[in-house]
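Here is a short briefing to read alongside the model. Have the viewer open and follow the topics one by one.

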Amino acid sequence: MTGDLIASISSELQKLRTTNIELNSQVEQNSRKYSESAFEGKNDKVLYYTGLPSYQILVTLFKYLEQHLPTKKSMGKFQMFILTLMRLKLYATYLSYEFNVSAATVSRIFMDVVDVMYVRMKPLIVWPEREKRRTT
């Protein structure tokens, strides 16, 4: 190997390392953007992204559902829960971009989490008696 070839390979290696560091940083920023701590104490952010009025309600609902949510390689359970609540307000293509997964993955995660929410939250919904509904 000549000195020029070694220098060229070393330069390319340094560029690849720099790119790798930048991409890892972006992945870490994305995962923090929708982490539980990113919503803590920010009721306006919780309301904007999920439609829920407070962080406390968000966390309470998540803790209630967490053990029943499926495990995915592409993101954690809290992020899956946030994605699902956001999907109720936003489009799948936007969410696929935001969470760096395919639109099909967004749809599958959404359906998985909604199924869990339906089963687990159904007993929490209390319908008033028919007579009370008619009077209001």
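Buried here means under 20% relative accessible area, exposed means over 50%, and partly exposed is in between (1.4 Å probe, protein chains only). This is a predicted model, in which local features need pLDDT of at least 70, side-chain atom pairs count only at pLDDT 80 or more, and totals for chains, interfaces and linings use all residues. Residues are numbered from 1 along each chain as its sequence is written, and side-chain values use heavy atoms, with hydrogens and water left out. Helices (H or I, at least four residues) and strands (E, at least two) are DSSP runs, numbered from the N terminus.

**The nonpolar core**

- A nonpolar core is a set of buried Ala, Val, Leu, Ile, Met, Phe, Trp, Tyr and Cys residues joined through side-chain atoms within 4.5 Å.
- The largest such core has 29 residues, and the members touching the most others are Phe39, Leu58, Phe81, Ile82 and Phe99.
- Two or more residues come from each of helix 2 (36–39), helix 3 (43–50), helix 4 (55–66), helix 5 (77–87), helix 6 (92–99) and helix 7 (103–121).
- Helix 5 is the biggest giver to this core, with seven residues.
- Beyond its neighbours within four places in sequence, Phe39 has contacts (heavy atoms within 4.5 Å) that include Lys33, Tyr34, Tyr49, Leu58, Phe78 and Ile82.

**Helix 7**

- Helix 7 has 19 residues and reaches 26 Å from its first C-alpha to its last, close to the 27 Å expected at 1.5 Å a residue; the expected span is 1.5 Å times one less than the number of residues.
- Its buried residues are Thr105, Val106, Ile109, Phe110, Val113, Val116 and Met117.
- Seen down the axis of helix 7, these buried residues fall within an arc of 135°, so they line one face of the helix; the arc is that of the directions from the helix axis to the C-beta atoms.
- Tyr118 and Val119 are exposed, on the face of helix 7 turned away from the buried side.

- In helix 3, Val46, Tyr49 and Thr50 are buried.
- Viewed down the axis of helix 3, the buried residues fall within an arc of 80°, so they line one face of the helix.
- Those buried residues of helix 3 pack against helix 2, helix 4 and helix 5, while Asp44 and Tyr48 are exposed on the other side.
- Ser54 sits in the loop between helix 3 and helix 4 and is buried, with a relative accessible area of 15%.
- The Ser54 side chain reaches the backbone nitrogen of Ile57 at 3.2 Å.
- Not counting residues up to four places away in sequence, Ser54 touches Asn43 and Val46.

**Two buried residues to look up**

- Glu98 lies in helix 6 and is buried, with a relative accessible area of 9%.
- The Glu98 side chain makes a polar contact with the side chain of Lys33 (2.7 Å), and another of 2.6 Å joins the side chains of Glu98 and Tyr34.
- A polar contact is a pair of N or O atoms within 3.5 Å; within protein, one must be able to donate a hydrogen and the other to accept it, and residues adjacent in sequence count only if both atoms are side-chain atoms.
- Tyr55 lies in helix 4 and is buried, with a relative accessible area of 14%.
- Leaving out residues up to four places away in sequence, Tyr55 touches Glu36, Phe39, Glu40, Gly41, Asn43 and Val46.
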